[in-house]
Amino acid sequence: MYESFFNLIKKPFDLVPNPEFLFMSRSHRRALIHLDYGIHERAGFILLTGEVGSGKTTLIRDLIKKRPAGVLLSKVFNTCVNFEQFLTMVNDDFGLQVQGKDRTSLLRDLNDFLIEQYSLGNRPTLIIDEAQNLTPELLEDIRMLSNLEADDAKLLQIIIVGQPELRKTLALPSLLQLRQRISINCHLSPLSRPELEEYILHRLEIAGNREAVVFCPGSMDIIFRYSRGIPRLVNIICDFLMLSAFAEETREIDEDMVRDVIGDLDFENQFWESGLPENSETLPLKEEGPATGGKPGNAMELLKDISERLGKLEKESLEFRESSLKEMGENLMSLGSAFRFYARETDAVVSELKALVEKKARIEEASPQDEVSITQPLIGQQVLLAALKEKKLKKV
């Protein structure tokens, strides 16, 4: 409807899980690498979970679209079935005859097929989407399929995809053996704030015009807070924003337009009524005048006041830490200087004492010989003086 106005070739924020629009966030890239590795290495069970609308199905469809050679896929998207119906869908996807077959025949046919494909070097892979709807009993039956294996590899790769509540089901004591067989476990996290902005621009670029609209400062923040980074919710908000911009014949999306759209959608009640994330942050949709007395009169003013107080506290805390670190550094430098001074003084005293000790030792070693050499001349002089004195007296 609005594509031509924004010079787009297709709708950028459609809700269909189109792998052409797949945005490789850090979480999505890691999950895709894990899936590729699990299939290549015949890892057996692979678990992929994520919030509603996080992009699980889009990722799986991209995997199907780009599947490597030798990978044969069976896809089960209807999980409200019993095991016999489940086997019928799997065998039918693999091209096996299913009419008039009971559970035992279906299992035998599947086992023969997997052995044949293994001998041909192929890798049959089963993808189970919306697996949170599977009962514990059906999950246990699916585990039994992993018993179909060769001596050195699993004959069937099984990728289980579901919402976070699937993990609660798998945590049941009765499913311990299934948990132990899950070789690869990955979870799709919501988009971060920088990723959300790039996600929106990425979809506009794929749709034909990355600069179709300009998001004013603050508008992206509101989209992030209300969508919590869930791609599907981002698409819903942005699709209505594009429609509103088209109706107003503008290419700028500001904060007021975002608030209006979210308010019209009754976003909190419509999309977060069940399972509202803990510690979630929301922004008020409308601004009202301040109350009398100069105090904050609505949520926006209160939020602004709290933000300013937190900013002031953070600044004071930072200044205190910097001052403390500076004082500590100066004290350490003073202690270091004093230590070096006393070390030099100590070294000098020790050297002096060492010299005195060595001198004393030399004197003690030399004293016996010196006494002999000194005493003999003195005795000789005394004898000579006595002789001279005696001779002088005789003359007199």
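Helices (H or I, at least four residues) and strands (E, at least two) are DSSP runs here, numbered from the N terminus. Counted that way, the chain has 13 helices and seven strands. Keep in mind that this is a predicted model: local features need pLDDT of at least 70 and side-chain atom pairs count only at pLDDT 80 or more, while totals for chains, interfaces and linings use all residues. Residues are numbered from 1 along each chain as its sequence is written, and side-chain values use heavy atoms, with hydrogens and water left out.

Start with the whole chain. Buried means under 20% relative accessible area, exposed over 50%, and partly exposed in between (1.4 Å probe, protein chains only). Of the 396 residues in the chain, 36% are buried. A contact means heavy atoms within 4.5 Å. Among contacts in the chain with a separation of 6 or more, 74% are between residues 24 or more positions apart.

**Stop one: helices 1 and 2**

Select residues 26-40 (helix 1) and 56-65 (helix 2); their axes come within 11 Å and cross at roughly 45 degrees. That makes helix 1 oblique to helix 2. For the angle classes, under 35 degrees is roughly parallel, over 145 roughly antiparallel, 65 to 115 roughly perpendicular, and the rest oblique. The axes are lines fitted to C-alpha atoms, for helices over the stretch in contact, and angles run from 0 to 180 degrees between N-to-C directions.

Now show side chains. Helix 1 brings His28, Ala31, Leu32, Leu35, Asp36 and Ile39 to the contact, and helix 2 brings Leu59, Ile60, Asp62 and Leu63. By class, that gives seven nonpolar, one polar and two charged residues. Ala, Val, Leu, Ile, Met, Phe, Trp, Tyr, Cys and Pro count as nonpolar, Asp, Glu, Lys and Arg as charged, and the others, Gly among them, as polar.

**Stop two: helices 3 and 4**

Next, pick residues 83-93 (helix 3) and 103-119 (helix 4), which pack at an angle of about 35 degrees with their axes 10 Å apart. Helix 3 passes helix 4 in a left-handed crossing. On the helix 3 side you'll find Phe83, Glu84, Leu87, Thr88, Val90 and Asn91, meeting Arg103, Leu106, Leu107, Asp109 and Leu110 of helix 4. This contact has six nonpolar, two polar and three charged residues.

**Stop three: cysteines**

Jump to Cys238, in helix 10. At 1% relative accessibility, Cys238 is buried. Leaving out residues up to four places away in sequence, Cys238 touches Phe13, Ile200 and Ile223. Its C-alpha atom is 9.8 Å from that of Ile253, 15 residues apart along the chain.

Cys186 is buried too, at 5% relative accessibility, and Cys216 is buried at 19%. How many disulfides are there? A disulfide is a pair of cysteine sulfur atoms within 2.5 Å, and the count comes to zero.

**Stop four: two loops**

Most residues other than glycine have a negative phi. Go to Arg228, where phi is near 55 degrees, a positive value. Arg228 sits in the loop between helix 9 (219-227) and helix 10 (231-247), and is buried at 13% relative accessibility.

Finish at Glu249, where phi is also positive, near 55 degrees. Glu249 is in the loop between helix 10 and strand 7 (252-253), and is exposed, with a relative accessible area of 66%.

How values were computed: A crossing is left-handed if the near helix is turned anticlockwise from the far one by less than a right angle, and right-handed if clockwise.
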